[in-house]
Every structure is written in structure tokens, then in C-alpha cells.
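Please follow this account with the sequence and the model at hand.

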Amino acid sequence: MTFDRAIKIAPSILSADFANFGAEIRAIEDQGADWVHVDVMDGHFVPNLTFGPMAVKAFRPHVKTVMDVHLMIAPVDPYIDAYADAGADVLTAHVEAGPHIHRTLQAIRGAGMKAGVALNPGTPAEAVAHLLDLADLVCVMTVNPGFGGQKFIDMTGKIAALRAMIGDRPIHIEIDGGVDPRTAPLVAQAGADVLVAGSAVFKGGSVDHPEVYGANIAAIRMAAKG
Ligand code: DX5
Ligand code: ZN
């Protein structure tokens, strides 16, 4: 993984056909996805349940780009090695998931992955001020995590504050929740470079009509570029 600040569209397979993940991943990558965003939920940290490390490992051979795994689980630390073994390129944990996010980020890097730290909408940018030397990505949630298709919550002030805190450091700012062609320019202008989008990418398409995914990805990218 090389670092750059170009806009990257990361479709969330939370909005894919759960009976057909391999084909869905191949379809979004063929249609221009830059990264593949994988939402892991435990029914405890968030009120929804998706899949665990065995499923994520099964996705790996289908992902040619970057497998970006977003853990919405608590605790995190007991599962870090399992997600390394599953082939995650980026492993993101929430700052709210436990008392020792600093140790968690050290452990993620120690296991050979890029380390991401996610902030719920109610958590201030300052929560990562002493974590930036351990982070390769900061994920700003623009919905309360747990479900796709929710309404965008404006976090542009937080994004701009993070962008200033990060400066020249090679740290991605990722936005997750309610990203579509209308909201993408707001977050891109504030300083985000990785845009996660679930419903706005998969809407209207299927593995039989993947060109719809392509048009949806292109519309978000074009809007973000202004
Ligand atoms: C929310 C997840 C998101 C979600 C985004 O808890 O972390 O990745 O899939 O979905 P949309 O783009 O539909 O808001
Ligand atoms: Zn996510």
C-alpha cells in the first residue's frame, strides 16, 4: 500500500448481496472501487451483527485492491491476530471500544497491518491527538455505526480539525456513513480522501448489472473532485 491523498472510493459490502460476496467484490472492483470496505459488527458495540474473521478470510482472495476492515466490536484486542491472518490490509478500531486504544493500535501495527482509528459522531477530534503517531487512518463516522442507509450527519468541522492536526503526516482521513454525490463534496473539501459508501454504490445495481455500480462510483468520485 503506497500513501497518497487522491480521492479513493471504498464501497461497503454491508450493502452487497450477503449470499454472493465473492462476485459482489469482483464486480465493484471491476467497476472502479479503489478499496473494499468490510464492516464487522458484533451485536454488542453496535446493535447489529455481520460476520467475523472466517468470513473476512474467505473474502480475501476476491479483493485485488485494499481490504479495509472496520471493526465495530468490543473488545478488539483478542481478535487482532485473526484479522491479520484473514488478510486485512487496514484494520480500524473505534476509540470508544475500550480503555486502551493506544495499545490496540500498537498491536494492529505489530501484527503487520495498517492501523485505523474510528470516531463516533459524538467523539471529538481531540480524542486522537495522542494517537496520530500510531495511526495510518482516521475514520470519521458521519452516522452512528450499525446500519447502512442512514442519514448523513455533518462532521465537516471535525474533519477540518483533523486535517489540520495531521498536517504532512501520511494518515488517511476516511468518512463513513451517508456518503453520496450530494455529501461527498462537503467531506472532500474538508480534507477527507477515503470515502466509504454502501447504499449509494450498490443502489439499483447487481452482479448482473454491475455497470450501475460503476456509474454510482463515478458519480461519487466526480462530485468529490468538485
Ligand atoms: C455503518 C458502516 C458503514 C455503512 C455505510 O455502521 O460502518 O460502512 O455501511 O453505509 P451507507 O453508505 O449506506 O451509509
Ligand atoms: Zn464502516
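A residue is called exposed when its relative accessible area is over 50%, buried when that area is under 20%, and partly exposed in between. The model considered here is a predicted one. With a relative accessible area of 60%, Asp-133 is therefore exposed. Its partner in a salt bridge is Arg-169, and the closest N and O atoms of the two are 2.9 Å apart. Asp-133 is found in the loop between strand 5 and strand 6, and Arg-169 in the loop between helix 5 (156-166) and strand 7 (172-176), so this pair ties together parts that are 36 residues apart in sequence. Arg-169 has a relative accessibility of 31% and so counts as partly exposed.

The structure holds seven salt bridges in total. Another of them joins the side chains of Arg-109 and Asp-136, with 3.0 Å from N to O. Because Arg-109 belongs to helix 4 (residues 101-110) and Asp-136 to the loop between strand 5 (114-119) and strand 6 (137-141), the pair ties together parts that are 27 residues apart in sequence. The two partners can also be described by their accessibility. Arg-109 is partly exposed, its relative accessible area being 32%, whereas Asp-136 is buried, with a value of 13%.

A further salt bridge is formed by the side chains of Asp-34 and Arg-221, at 2.8 Å from N to O. This pair links distant parts of the chain: Asp-34 lies in the loop between helix 1 and strand 2, Arg-221 lies in helix 8, and the two are 187 residues apart. Asp-34 counts as partly exposed at 25% relative accessibility, while Arg-221, at 18%, counts as buried.

Helix 1 and helix 8 deserve attention next. Two packed helices are described by the angle between their axes and the distance between the axes. Here, the axes of helix 1 (residues 21-30) and helix 8 (residues 210-225) come within 8 Å and cross at roughly 50°. The two helices are therefore oblique to each other. The crossing of helix 1 with helix 8 is right-handed. Which residues of the two helices meet? Helix 1 contributes Glu-24, Ala-27 and Ile-28, and helix 8 contributes Pro-210, Tyr-213 and Ile-217. Sorted by class, this contact has five nonpolar residues, no polar residues and one charged residue.

Why is helix 1 largely enclosed by the rest of the structure? The reason is that eight of its ten residues are buried. Among these buried residues are Phe-21, Gly-22, Ala-23 and Ile-25. The buried residues of helix 1 pack against strand 1 (8-11), strand 2 (36-41), helix 2 (53-59), helix 7 (199-202) and helix 8. Just after helix 1, Gly-32 adopts a positive phi of about 110°.

Is Val-76 buried or exposed? Its relative accessible area is 6%, so Val-76 is buried. When residues up to four places away in sequence are not counted, Val-76 touches Leu-71, Ala-93, Ala-97 and Thr-104. The C-alpha atoms of Val-76 and Ser-15 are separated by 24 Å, and these residues are 61 residues apart along the chain.

Notes. Residues numbered from 1 in each chain as written. Chains lettered and ligands numbered in written order. Predicted model: local features only at pLDDT ≥ 70, side-chain atom pairs only at ≥ 80, totals over all residues. Heavy atoms only, no water. Axes fitted to C-alpha atoms, helices over the stretch in contact; angles between N-to-C directions. Helix = DSSP H or I, 4+ residues; strand = E, 2+ residues; numbered from the N terminus. Parallel < 35°, antiparallel > 145°, perpendicular 65-115°, else oblique. Left-handed = near helix turned anticlockwise from the far one by under 90°. Contact = heavy atoms within 4.5 Å. Nonpolar A, V, L, I, M, F, W, Y, C, P; charged D, E, K, R; others polar. Buried < 20%, exposed > 50% of the residue type's maximum accessible area, 1.4 Å probe, protein only. Salt bridge = Lys/Arg side-chain N within 4 Å of Asp/Glu carboxyl O.
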